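Hi,

Here's the structure I promised to pass along.

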Amino acid sequence: MVTQKKISSKEMAPATGIGNRSGYLYTGHHRGFRTTVNIDGVKVGNKELAIIAGPCSVESAEQISRIAREVKAAGANLLRGGAFKPRTSPYDFQGLGEMGLQYLREAADEAGLKVVTEVLDPRHVELVAKYADCLQIGSRNMQNYPLLREVGRSNRPALLKRGLSATYEEFLLAAEYIMAEGNRQVILCERGIRGLSSELRFTLDLNAVPYLKERTHLPIIVDPSHGTGDARLVPAMSRAAIACGADGLIIETHYSPSESVSDARQTISTDELASLLRELSRIAATVGRDIPVPEAER
Ligand code: PEP
Ligand code: MN
């Protein structure tokens, strides 16, 4: 006989949307108010743009520590790197798990950066939150409702990536799942959707930036690496993202992109990141934003 576990009221769905015709209880606009998400002191949604850089995957202590130093010197303020990887094939590298989280934390602390990393499984939220300053929910998990709820119960800010074929409505409702649980620190990330191009991995939908700025007070950043799948296109799409109002960028970066164990084709070098950020600081200034490029680099 199948016995059903009794669900506590905490595990039950909150009354999101009940009595509210739109259903956008937490993401909707509040009279011009904009949310600033605070990642342990790094503000996202402020005048200063958030630059999240680092490898697709954490590969070793040496790899992540060198990349952390180099992206910090280039002007990034947040370090990315996956320890739990959502790979299309189950036979591809799946990440270093907790060891990867440890390497990432140590590298970030040494370099003076904050950590953004993906959590794949609701059972790992507590573990990942122990090492990370911001929990990334990947594109493939944007509609993983148990994961969204669990991240909603965490006290770490969330970086929610748009599903690869999700509408804006579905994207905002995914953010509602997190916020309805109490976590109001949500950053949206446009990372490209499935388009018609067979030459490029995804189509970066920059409409999302100005459109979502109309729809929600949440900050929105752009991922030009997954959004194009091609390192050669990353600088141009980064410039476009800042010009159209993005609050930051998440860019896959490695000192030797071709050696990356995952997403090598879309990864730029740490040298390219440094020159890109110099260039972006001028574009940022024209749209009333600031970029954290070290003074000496300007
Ligand atoms: C990533 O950031 O490495 C990643 C897997 O991104 P996405 O979920 O957007 O594919
Ligand atoms: Mn990647």
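To start with, between which two strands is the loop that holds D263? It's the one between β10 (248–254) and β11 (268–269). Keep in mind that this is a predicted model.

D263 isn't glycine, yet its phi is positive, near 55°. D40 also has a positive phi, near 40°, and sits in the loop between β1 (37–39) and β2 (42–44).

Are these two buried or exposed? D263 has 20 C-beta neighbours inside 10 Å, and 20 or more is the mark for buried, so D263 counts as buried. D40 has 12, and 12 or fewer is the mark for exposed, so D40 counts as exposed.

Next, the helix pair. The axes of α8 (residues 234–243) and α9 (residues 270–286) come within 10 Å and cross at roughly 25°. Angles under 35 degrees count as roughly parallel, so that is what α8 is to α9. The crossing is right-handed. On the α8 side the contact is made by P235, S238, R239, I242 and A243, and on the α9 side by L276, L280, I283 and A284. Sorted by class, that contact has seven nonpolar residues, one polar and one charged.

Last, ligand 1. Around it you'll find C56, G82, P86, G138, S139, R140, K161, R191, D223 and H226. That shell splits into two nonpolar, four polar and four charged residues.

Cheers

Notes. Residues are numbered from 1 along each chain as its sequence is written. Chains are lettered from A and ligands numbered from 1 in the order in which they are written. This is a predicted model: local features need pLDDT of at least 70, side-chain atom pairs count only at pLDDT 80 or more; totals for chains, interfaces and linings use all residues. A residue is near a molecule or strand if its C-beta atom, placed from the backbone, lies within 6 Å of it. Ala, Val, Leu, Ile, Met, Phe, Trp, Tyr, Cys and Pro count as nonpolar, Asp, Glu, Lys and Arg as charged, and the others, Gly among them, as polar. Axes are lines fitted to C-alpha atoms, for helices over the stretch in contact, and angles run from 0 to 180 degrees between N-to-C directions. Helices (H or I, at least four residues) and strands (E, at least two) are DSSP runs, numbered from the N terminus. Angles under 35 degrees count as roughly parallel, over 145 as roughly antiparallel, 65 to 115 as roughly perpendicular and the rest as oblique. A crossing is left-handed if the near helix is turned anticlockwise from the far one by less than a right angle, and right-handed if clockwise. Two residues are in contact if their C-beta atoms, placed from the backbone, lie within 7 Å.
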